[in-house]
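User: I have a model open here and would like to go through it piece by piece. Can you take my questions as they come?

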Amino acid sequence: MSTTRRIYEEYLVASTRTGDKKAAIELVELRGPRLLLHATRLLGNHDEAQDAVQDAWIDIFKGLKSLRSDAAFPVWALRIVTRKCAALIKGKQRDRSLAAALAPEIPQLVEPPPGVSRDLAQAIAALPSAQAATVALFYLEDLSLTEVSIALDIPVGTVKSRLSLARRNLKTALEGENDV
């Protein structure tokens, strides 16, 4: 980062601390993309990264008065984003563990849904549960991406990535059966 940009950022931090809302907006515009890039790298998901950064900005603005050095702002803000991302990851792991412990055994399909071949139904059942649920809701239940997102309580981007991965896995599974 250039010296001029650092000085400008320090000025924005100091001005924001005094209550200058315009400076706060400019600070978000200046530092925000770098924080989002950092969160995206940590989480691997742009939608979740946006949520983490948005939550981080709340903590950043609340804690700005306690920041001792305006020059330390970039690293301090990155640390807050990192902690938000870590909390998201920890929460997802805890939720998965709890869901796995409480999930009843899902019976195997006796008969595939109408219009679905037995091979396809078995290939879907063999997918990891998150992919299988996403594929079933989108293709078999004919829900939109947004509806699947709401039903599974995940971002639309996650729905898209799960569908993409599931399609690849299904293609591999079904092509393997055709080669036999």
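User: How many aromatic pairs does the count come to?
Analyst: The model is a predicted one, and the count comes to five aromatic pairs. One of them is F73 with W76: the ring centres are 6.0 Å apart and the planes stand at 50 degrees, so this pair is tilted.

User: Where do F73 and W76 lie?
Analyst: Both are in helix 4, residues 73-102. They sit three residues apart, which is about one turn of the helix. In an α-helix there are 3.6 residues a turn, so residues three or four places apart point the same way.

User: Are those two buried or exposed?
Analyst: F73 and W76 are both buried. Ring pairs also link them with W57 and F61 into a cluster.

User: What is W57 in contact with, leaving aside neighbours within four places in sequence?
Analyst: W57 is in contact with L27, V28, R31, G32, L35 and F73.

User: Now the largest nonpolar core. Which residues touch the most other members?
Analyst: That core has 22 residues, and L35, W57, I60, F73, W76 and V81 touch the most other members. Helix 1, helix 2, helix 3 (46-63) and helix 4 are the elements giving two or more residues to this core. Another core, of 12 residues, lies apart from it and has I124, L137, V148 and V159 among its members.

User: L137 is in helix 6, I think. Which residues of that helix are buried?
Analyst: Helix 6 covers residues 129-140, and its buried residues are Q131, A132, T134, V135 and L137. Just after helix 6 comes D142, with a positive phi of about 60 degrees.

User: Back to the start of the chain. How do the axes of helix 1 and helix 2 cross?
Analyst: The two axes come within 9 Å and cross at roughly 130 degrees. Helix 1 and helix 2 are therefore oblique to each other, and their crossing is left-handed.

User: Which residues meet there?
Analyst: From helix 1, the residues include Y8, L12 and V13; from helix 2, they include L27, L30 and R34.

User: And T18, where is its place?
Analyst: T18 is in the loop between helix 1 (3-17) and helix 2 (21-43). At 68% relative accessibility, T18 counts as exposed. Its C-alpha atom is 8.7 Å from that of K65, a residue 47 residues apart from T18 along the chain.

Note on methods:
Residues numbered from 1 in each chain as written. Predicted model: local features only at pLDDT ≥ 70, side-chain atom pairs only at ≥ 80, totals over all residues. Heavy atoms only, no water. Helix = DSSP H or I, 4+ residues; strand = E, 2+ residues; numbered from the N terminus. Buried < 20%, exposed > 50% of the residue type's maximum accessible area, 1.4 Å probe, protein only. Phe/Tyr/Trp six-rings, centres within 6.5 Å; stacked < 30°, edge-to-face > 60°. Core = buried A, V, L, I, M, F, W, Y, C linked by side-chain atoms within 4.5 Å. Contact = heavy atoms within 4.5 Å. Axes fitted to C-alpha atoms, helices over the stretch in contact; angles between N-to-C directions. Parallel < 35°, antiparallel > 145°, perpendicular 65-115°, else oblique. Left-handed = near helix turned anticlockwise from the far one by under 90°.
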